[in-house]
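Here is a short briefing to read alongside the model. Please keep the viewer open as you go through the points.

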Amino acid sequence: MEKYKKKFLSNMEEKYEEIKARNESVTEKELYQLLHTFKGTAGTVGYTKAAEKAETLLNQFEFESERYYSSEETIRFLDNVMVEIREEAPDVSQEQADAPKMIMIINSNPLYLIEIKEELERTGYIVFAAMDLSKARAALYDMYPDCIIIEFQLIERDESGIAREVREKAELQFIPLILTNTERSESNRMKAYEFGADDFLELDVKKDEYLLRVNRKIEKRKLIVHSVLTDELTGAYNRKFLDSQLNYMRYDLVRNGENASLIIFDIDHFKSVNDKYGHLMGDQVLKSLAQFIISEKRNTDTFIRYGGEEFVMILPNTNSNQAAKFLERLLAGFKKKVFRTNNTVFSVTFSGGVVDIDATSSNQQLLNCADEALYRAKANGRNQVVIYQSDKMTSKRLKSIRIAIVDDDEIMRNLLTSKLSNIPIDGNYEIEVRSYEEGYSFFEDTWHKTGAPCLVLLDGIMPGMDGNEVLSKLREEHDHSDYAVMMLTGRKAEKDIIQSLELGADDYITKPFRIEELEARINKLIQKVL
């Protein structure tokens, strides 16, 4: 939710500065609209005091009033709510601090294990402890440790190959591997380094030295990952990181038989951007795209600059259909961004190719398949995503349930799109989510008119057509059984709720609301349209 708090603050600051820059009178209706949006979204993403302040101010306005407020009066009203939101904003300095590092310790001595775990946790580390290699291996596939510390004797006694598997995975992820010994032995030290250890700690090493050497190994990994393997312009990983990550993903597939996807995408007509607006603007577009992707992806997704304007993403636990929908959502969001230079305004799109990662294809074969899909996207007109198809693919197409979000607030649309795209549904169904900033664009889109059940989340107050007008038109022009409608209302007035229900709303929820409550209600409405 912190991501949405930051984004909401950014959007509100932008609107605030825009109104200040206009230096014009504002109608009471426009002020009501702005405060209504502020109240509903602020409370939902976690700005509780700011939402309460906005609600108090709302009581001073009439939605249908055409009264004008001077620029100075408007700024004073907005200052009241901006003060609250700035006070509740996430602490940026704290966010930028390094996240706690995770250490995995495997040692057969429970007393030693408890002691060293407590010592490391006191210094701020997160520690996973296990007494045998098999338990450590199982956990390794679900965690991303920054350091692995194993008792040498466990390596010596291992006959199953688990120790080699752990070492190989550590190498793929540049994770330092430290072996510890219960006695002083030059022979064991040599064997440890021959095995592939990055360091060897004997039992009598002092705690201060133990911590210092562990810290240094973790800092070295951080340096490698963030300096040697990071693209300086965009902040994405660079191409050197690609093979190790693909190897790592395919290694997981062999072990667990899980889904994973590879995406290649690049900016459409990027040469024209450089030619028309200059390479500095081209760099700004690349940085903007990278920052957008990094802000939207999961922590487990790997984002790589493949070269020039071309990027790669590796998505664990994601099949190609899910990956394509995710990339389409990113495309829809990014092409709305506006770039300005020399009094010229422009926007850009990108095209992408997606392929399922399997354990038998080589890294280059997977890249070639994704690249072929990208080529087809370009040939089909660009500004789209194509999934690689082969004769061996026999996956059964899932039935679709469509969720349309009609809300004029960008933060609310993004939040709901993200949360509802992954809402669990019983049965062989897939969720498709699209969002619209007003009613006209919703009706112009044919996506929700193709026969699949559709759930519409409809904001009550919007510019142009308000929520009840959209609801009325929807009920007049479409079969009631094809659409379930939930009103998202910031107005608690009983007459407004009754009007929505009389027009055919199936349910309503008052902003601000808890996401968990919304999901529970949506599940019930989905069952209604199935």
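A residue counts as buried under 20% relative accessible area, as exposed over 50%, and as partly exposed in between, with a 1.4 Å probe and protein chains only. Helices (H or I, at least four residues) and strands (E, at least two) are DSSP runs, numbered from the N terminus. With these terms, Ala260, Leu262, Ile264 and Asp266 point one way from E8, while Ser261, Ile263, Phe265 and Ile267 point the other way, and all are buried.

This is a predicted model, in which local features need pLDDT of at least 70 and side-chain atom pairs count only at pLDDT 80 or more, whereas totals for chains, interfaces and linings use all residues. Residues are numbered from 1 along each chain as its sequence is written, and side-chain values use heavy atoms, with hydrogens and water left out.

- Since 8 of the 8 residues of E8 are buried, the strand is largely enclosed by the rest of the structure.
- E8 pairs with strand E10 (residues 310-316) in the antiparallel sense over 7 bridges; two strands pair if DSSP finds at least two bridges between them.
- Within that pairing, Phe265 has Phe311 of E10 opposite.
- E8 also runs antiparallel to strand E13 (residues 350-356), with 7 bridges joining them, and here Ile267 stands opposite Phe350.

**Helix H13**

- Which residues of helix H13 (residues 270-277) are buried? They are Phe270, Val273 and Asn274.
- Seen down the axis of H13, these buried residues fall within an arc of 95°, so they line one face of the helix; the arc is that of the directions from the helix axis to the C-beta atoms.
- An α-helix has 3.6 residues a turn, so residues three or four places apart point the same way.
- Lys271, Asp275 and Lys276 are exposed on the other side of H13.
- The buried residues of H13 pack against strand E8 (260-267), helix H14 (279-296) and strand E12 (344-346), where contact means heavy atoms within 4.5 Å.
- After H13 comes Gly278, with a positive phi near 95°.

**The parallel sheet**

- Five strands make an open sheet in the order E4-E3-E5-E6-E7, with parallel pairing.
- Strand E4 (126-130) and strand E7 (199-202) stand at the edges with a single partner strand each, so one side of each is left without a neighbour in the sheet.
- From one strand to the next, the twist averages 20°; axes are lines fitted to C-alpha atoms, for helices over the stretch in contact, and angles run from 0 to 180 degrees between N-to-C directions.
- Strand E5 (residues 147-151) and strand E6 (residues 177-181) are joined in the parallel sense over 4 bridges, and Ile148 has Leu177 of E6 as its bridge partner.
- Helix H10 (residues 186-195) packs on the sheet and touches E6 and E7, its direction making about 150° with that of E7.

**Nonpolar cores**

- A nonpolar core is a set of buried Ala, Val, Leu, Ile, Met, Phe, Trp, Tyr and Cys residues joined through side-chain atoms within 4.5 Å.
- The largest such core has 53 residues, and Phe8, Phe38 and Ile85 are among those with the most contacts inside it.
- Helix H2 (residues 28-45) gives the largest share of this core, 7 residues.
- A second, separate core of 31 residues includes Met281, Leu330, Val348 and Ile387.

**Salt bridges**

- The structure holds 31 salt bridges, each a side-chain nitrogen of Lys or Arg within 4 Å of a carboxyl oxygen of Asp or Glu.
- In one of them, Lys207 meets Glu115, with the closest N and O atoms 3.0 Å apart.
- Lys207 lies in helix H11 (residues 207-228) and Glu115 in helix H6 (residues 110-122), so the pair ties together parts that are 92 residues apart in sequence.
- Glu115, Glu119, Arg122 and Lys207 are linked in a network of salt bridges.
- Glu432 forms a salt bridge with Arg402, the closest N and O atoms being 3.5 Å apart, and both residues are buried.
- Glu432 also meets Lys325 in a salt bridge (4.0 Å, N to O); Lys325, at 24% relative accessibility, counts as partly exposed.
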